[in-house]
Amino acid sequence: MKNVAILISGGGSNMVKLVESMAADHPARPCLVMANDPHAGGLEKARQMGVATAAVDHTAFGKDREAFEVKLNTHLEAAKTDIICLAGFMRVLTPSFMEKWSGRMLNIHPSLLPKYKGLHTHARALDAGDKQAGCTVHEATAELDGGPILCQASLTIEHGETEDTLAAKVLRLEHIIYPETLRRFASGDKARIDHAIDAT
């Protein structure tokens with residue numbers, strides 16, 4: 001049985017779906033939900049689901065990312081973490097942190113990588129006139145939104161789509177493929193899967 005720590009910065013909707021999925025015959029269980037903001041709404045949701053929580057306020061460390069990450073690692077190691085799931089964790093982690101957890105860290109990104117790494121993915125897809133949008137689960141590496149792709153889900157961008165409507169549809173895809181990919185990853189399956197899903 002693998003122990004999974006989930007790192008968040010906000011409301012934690014993907015975290016909730018991951019925690020809900022880790023039951024019955026799932027090969028993993030949630031051991032920790034940790035945020036870089038003590039006021040992140042997802043912390044209370046995790047507590048209500050019976051998952052241990054921690055908060056490491058990044059603002060207390062100024063620009064010293066290494067000291068911030070030492071504190072993160074203290075919590076991760078105390079929880080006997082095997083796998084980290086980044087779920088809306090809005091801090092750039094150092095190469096040394098990424099190397100420590102290499103091969104054991106997943107991330108979800110709201111675009112069809114390698115397109116639109118970074119922020120404002122939906123606006124960029126609409127501005128480019130793309131016909132398809134979606135999301136990607138990948139192994140997290142030192143390269144921003146890089147690393148081997150494990151799963152992508154795509155949908156058709158409808159006429160008159162806005163940034164908000166597209167974001168809502170893509171989020172529904174995230175809630176489907178992140179739990180599915182974690183289950184496979186925790187079982188040792190790193191094969192890539194691609195889905196076309198109707199998220200209307």
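Colleague: What makes Val4, Ala5, Ile6, Leu7, Leu18, Leu106, Tyr178 and Leu182 the residues that Cys85 touches?

Modeller: Each of them is in contact with Cys85, not counting residues up to four places away in sequence, where contact means heavy atoms within 4.5 Å. This is a predicted model, in which local features need pLDDT of at least 70 and side-chain atom pairs count only at pLDDT 80 or more, while totals for chains, interfaces and linings use all residues. Residues are numbered from 1 along each chain as its sequence is written, and side-chain values use heavy atoms, with hydrogens and water left out.

Colleague: Why is Pro95 called exposed?

Modeller: Its relative accessible area is 54%, and exposed means over 50%, buried under 20% and partly exposed in between (1.4 Å probe, protein chains only); Pro95 is therefore exposed. Pro95 is found in helix 4 (residues 95-100), helices being DSSP runs of H or I with at least four residues and strands runs of E with at least two, numbered from the N terminus.

Colleague: How do you know that the buried residues of helix 2 line one face of the helix?

Modeller: The buried residues of helix 2 (residues 41-48) are Gly42, Leu43 and Ala46. Seen down the helix axis, they fall within an arc of 105°, so they line one face, the arc being that of the directions from the axis to the C-beta atoms.

Colleague: Which elements do these buried residues of helix 2 pack against?

Modeller: They pack against strand 1 (2-8), helix 1 (13-21), strand 2 (28-35) and strand 3 (53-55); just after helix 2, Gly50 takes a positive phi of about 80°.
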